[in-house]
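Reader: Could you take me through one part of this structure with care, namely the place where the ligand sits?

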Amino acid sequence: MEARINKGVLSLTEGDITKQDTDAIVNAANKSLRGGGGVDGAIHRAGGPKILEECIKAGGCETGEAVITTGGNLKAKYVIHTVGPVYRDGNHNEPALLRNAYRNSLNMASSKGLKSIAFPSISTGAYRYPLDQAADIALNTAISYLNDHSDIELIRFVLFGTEALEVYENTLKRLS
Ligand code: ADP
């Protein structure tokens, strides 16, 4: 599914983030930036040790912030590592922190002159953010970015499994 927003395209697809050919892919990392499970593990396995070396040099990353490394052996030239919030009950600033993770990743891509970026569904795995609420924040943040800027041409969400894809598709239909 695709939506044209201002000068850019927002696209939703089912698949594996590590296979994407966008300028950057985003990693749902943890604060240590030392690798982990889920998307994080998959990216480091596919991209090779150079990414972890650069992450270790960067030192770490606060929740809602973003750090950029090269893409190692991946098709994508860069990996933007961001840390989503661990979901507790929704009353611990989780929505704003999740919004920041998306926004700061987009700002990082923009500051490097990148034109295309692929996101996984941040925080909805080990960090247990309810998928429908996370989809709403993810897509709203992407739509506002495209409405306010004309530099990034493609924002792609790569969803793992048909259920996640459906939730994102229904949310996008509602928002656009
Ligand atoms: P977090 O710790 O931010 O919750 P996870 O990596 O545990 O991050 O999960 C985030 C989302 O990414 C989950 O919805 C999970 O199903 C999905 N996911 C896991 N592996 C991949 C992959 N290779 N490509 C895209 N999405 C993935």
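Reader: How far does a backbone N or O atom of Val39 lie from an oxygen atom of the ligand?

Author: The distance from a backbone N or O atom of Val39 to an oxygen atom of the ligand is 2.8 Å, where a polar contact is a pair of N or O atoms within 3.5 Å. This is a predicted model, in which local features need pLDDT of at least 70 and side-chain atom pairs count only at pLDDT 80 or more, while totals for chains, interfaces and linings use all residues. Residues are numbered from 1 along each chain as its sequence is written, and side-chain values use heavy atoms, with hydrogens and water left out.

Gly125 also has a backbone N or O atom 2.8 Å from an oxygen atom of the ligand, and a polar backbone atom of Ala126 is 2.9 Å from a ligand oxygen atom. Of the 570 Å² of accessible area that the ligand has on its own, the protein covers 87% (Shrake-Rupley method, 1.4 Å probe).

The shell around the ligand holds 15 residues, with Val39, Ser123, Thr124, Gly125 and Ala126 the closest (a residue is near if one of its heavy atoms lies within 4 Å). Helix α1, residues 38-47, gives the largest share of this shell, three residues (a helix is a DSSP run of H or I with at least four residues, and a strand a run of E with at least two).

The ligand takes up the space of the largest pocket (on a 1 Å grid over the protein atoms alone, an open set of points where a 1.4 Å probe fits, with protein on both sides within 12 Å along at least five of seven lines; lining residues have an atom within 4 Å of a point; a molecule sits there if more than half of its atoms lie within 2 Å of the grid points). Its lining has 26 residues, and α1 gives the most, four residues.

Key: Polar contact = N/O pair within 3.5 Å; in protein donor to acceptor, adjacent residues only side chain to side chain.
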